[in-house]
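This report is meant for a reader who is new to the structure shown below.

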Amino acid sequence: MIKITLNNKPITLDVDPQMPLLYALRDELQLTGTKFGCGAGQCGACTVHLNGKAIRSCITPVSAIAEQEITTIEGLADIHGTPGESAVQVAWREFKVPQCGYCQSGQMMSAAALLKEIPLPTDEQIIEHMQGNICRCGTYKRIKAAIKSASTNATVTKNGVEIFDARQLANEKQGA
Amino acid sequence: MRSIENVSRRGFLKFAGIASGSFVLGMNLPFATAQAKSSTSALSHELNFFVSIASDSMVTLVCHRSEMGQGIRTSVPQIIAEELEADWQKVSVVQAKADKKYGSQGTAGSASIRNHFTSIRQIGAVARDMLEQAAANIWQVERSAVKAQKHFVVHTTTGEKISFGELASHAAKLTPPDSKTVTLKNNADFSLIGKDVKLIDLDDIVAGKAQYAQDIQLADMLIATIVRPPVVGGKVISFDASDALKIKGVVDVIALKPRSIPVTTNPLSGIAVLANNTWAALEGRKKLKVKWDHGDKQHHDSSLFSKQLAKQVNQQGEKVASKGDVYAHTYNENNTVEATYTLPYINHSPMETPAATAVVNGKKCTIWAGTQNPQWAKGNVAQELGLGKDEHDNIELNVTLMGGAFGRKSKADFIIEAVELAKASKRPVKVIWSREDDIQHGFYHSISANYCKAELTTKGSADHWISRNAYPPIGWLWNPDAKVPDDFQLALGFGDIPFALNNLSIEKHAVDSFVRPGWVRSVACINNGFALGSFVDELAVKAKLSTRQMWMNLLGDNRHVDPNDNGFKYSNYNLDLKEHPIDTKRMKDLINLISDKAKVEEVLPENQGWGISFLRSFGSFVAAATKVEVVNNKVTVLEMHTAVDCGIVVTPDRVKAQMEGAMIFGLSIALMGEISVKAGKVQQRNFHDSPVTRINQVPELYVHIVESNAPPGGIGEPGVPPVAPSITNAIFHASKTRIRDLPVNKVFTV
């Protein structure tokens, strides 16, 4: 039995401790928003947040995340806790980023983790951070634009709930 | 021809969740009409309506084509809604199941809009006509006194209006007019076509709620993973499942039935591990011990084969098309260019690997799959289950979203695997492919060689031209004796050369096959377009002309080219050559447009260069321009443009998106796309050794769309062919190194 906090709710997983989180999410919890892409941590389709940081759930055994906080695309939310309305998701809709859409959960989770760490990233920082996420449809141009927009449009998420204003945080960091 | 039928009172509707009193138009096959009318089938999957209007005015439109990221689930309903005069805010979309009543559902060849634009419009126009007639009946006025406008029918003199919802039950009693006689809107009156509407699946995708084939979950379902023969045509000699069965969660290990050549689109056979969850299935698979007989393709080596193909195309081949005499001529070496271009096998690598779920119950079967070709898959499954012709509708095939496809998911092998295992295990089974499965057991774009030879004239053009190619033909899938591509394949940027030449010879070569060939986004236009686009640039260099000028000179006067004049049976992508001509003016306009927009003749720093290319394919004209820098043996792509003339544009943002995507797809092909085969086995395994473009390799991208009232051309594929040659041409102009053998990463760091 492994206890974790998933999208701000405590849950218990009764699976092989070696099972990668991806399959626990998809097969056991029916949370299919997190996708399989390569099974080897090479494509980023399975990206979720572990304590607010982006990880590859396809190579992370559930034993490694006991008693910790996991956020999936289903839990990504705005400051009021409304799923689907995080700054990243709003920007993704505004720029009509997705084509087939399959990799986009992972792209958005990576982007949200980036903005939490670096609220106003430069182009180089975006490229550096997003290199692990493949999009075969080739939506990269819009991914870059959407991240830029999300970063300047304000709020960033922690474990799915937006808790601060990106510009404000950037200013504070500069001040400090 | 199929007919549009009023099915508002048909019994099946309640099973489809359509409220009584709705106005519903469906499709029917003429020969099946009598039977269908008497039928009140209780099968919910006999849902074949196209338009449904409920009494609350909500409109439900069906998309009968498959979604793989091109946006067709927006574009098809958008066209119907345009003619229907529907309010897009009140439109919802449901996905059609596999049903021949819809006509073609095969979502391939960039054909959905270009081949079906008019028939899709007619569906909306028939529904609108009936709503207008219903209103005219209510007001007891002439039909001409009423007009549909944004979800209402308006009395043109009094200004009174009745909503579509109120009219639904009245329209439901009318007989549809002949779809050929209904008036379609003038292009100038379009309010949805050519406008960017809200994309149908966008919200679900962004919320992580969109459902793909990999996401299907059924109670009591088993997950299956399959070890397939490493060499095509290989067979299992023996296997030991004892350790696999010890893994907790593994339920069964099943040997799939042996398959043989012709491989068709059948599964490759192999051993399946079935488990309660994906992880157990994968762990079980690792413990399987299988002894293979690799068969007679185990000696295939793709690098040797590529050299053999290159040698072949340097010899005269079998005639595809000809004009004048290229062999009686004495070529002046100083003015003649000869070049051989080679491409490796290329894989689709959609982000969602193939997956399908099946439930088989006696002669009944339900399937969920992401398939580009629902009806073909259904036919394949019927054959697999031994169903008679009248029993095909025992199969319910639900079409899910596809997480990319690029041609891969036209083939039903993975669906048949699910059916075979569901039947054998008597449980619902979801077959999932790993990334390694996808890369090692694909239907590859064929390894190829192309050859071009031309002599420059004193006017800076050419008048003697030879084009040849050699590659394993797709027809081999069904016919082991097939060694040359058929005319339809040869029409892809090869037999349709648009230049003004008095002496021309286009030739093909016979080639053996060793892996499963397939359709990869733009198909043979990938290699033919690469050869043509590279060779024009080579001629330009030889002639000391700009590449733009070389294209102008070769294309010559404004005219419509007919490849049939050269003795080639030209299919023009199944389009009427009068409606979709090979128009050299549109070609020249587009090459000028991209050259001007990208400023390809600007003076650049040393080590930088622009490259351009062009190909007309799938009914559309696309030019590409790329700027690169080559420093310390590293290629950096700095800027890319595509210009597209695809006639009438339905959903502009999705055209733009497809062009952006095509640039990235072309980048992958040019820089690093390669599947290599040794001892009959694919060498690559996952994205680490089969890389595709990542965000750090992406330059600034620009798309230029030509406004046009010409009939629509295709969009999913035509963006790809000119991209790779524009990159290698740019590399030449930056570095003086001519890349004739893809991918670029054999020579440069990328």
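## The nonpolar core

A nonpolar core is a set of buried Ala, Val, Leu, Ile, Met, Phe, Trp, Tyr and Cys residues joined through C-beta atoms within 7 Å, where buried means that 20 or more other C-beta atoms, placed from the backbone, lie within 10 Å of a residue's own. The model is predicted, with local features needing pLDDT of at least 70 and side-chain atom pairs counting only at pLDDT 80 or more, while totals for chains, interfaces and linings use all residues. Residues are numbered from 1 along each chain as its sequence is written, and chains are lettered from A and ligands numbered from 1 in the order in which they are written.

The largest nonpolar core holds 280 residues, and those touching the most other members are B:Ala224, B:Ala356, B:Ile367, B:Ile415, B:Ala418 and B:Val419. Beyond its neighbours within four places in sequence, B:Ile367 has contacts (C-beta atoms within 7 Å) that include B:Ala356, B:Val381, B:Ile395 and B:Ile415.

## Domains of chain B

An automatic or database assignment divides chain B into domain 1 (3–206), domain 2 (213–294 + 354–432) and domain 3 (302–347 + 443–746). The C-alpha centres of domain 1 and domain 2 of chain B lie 36 Å apart, and 17 residues of domain 1 are in contact with 20 residues of domain 2.

Terms used. Buried ≥ 20, exposed ≤ 12 C-beta atoms within 10 Å, placed from the backbone. Contact = placed C-beta atoms within 7 Å.
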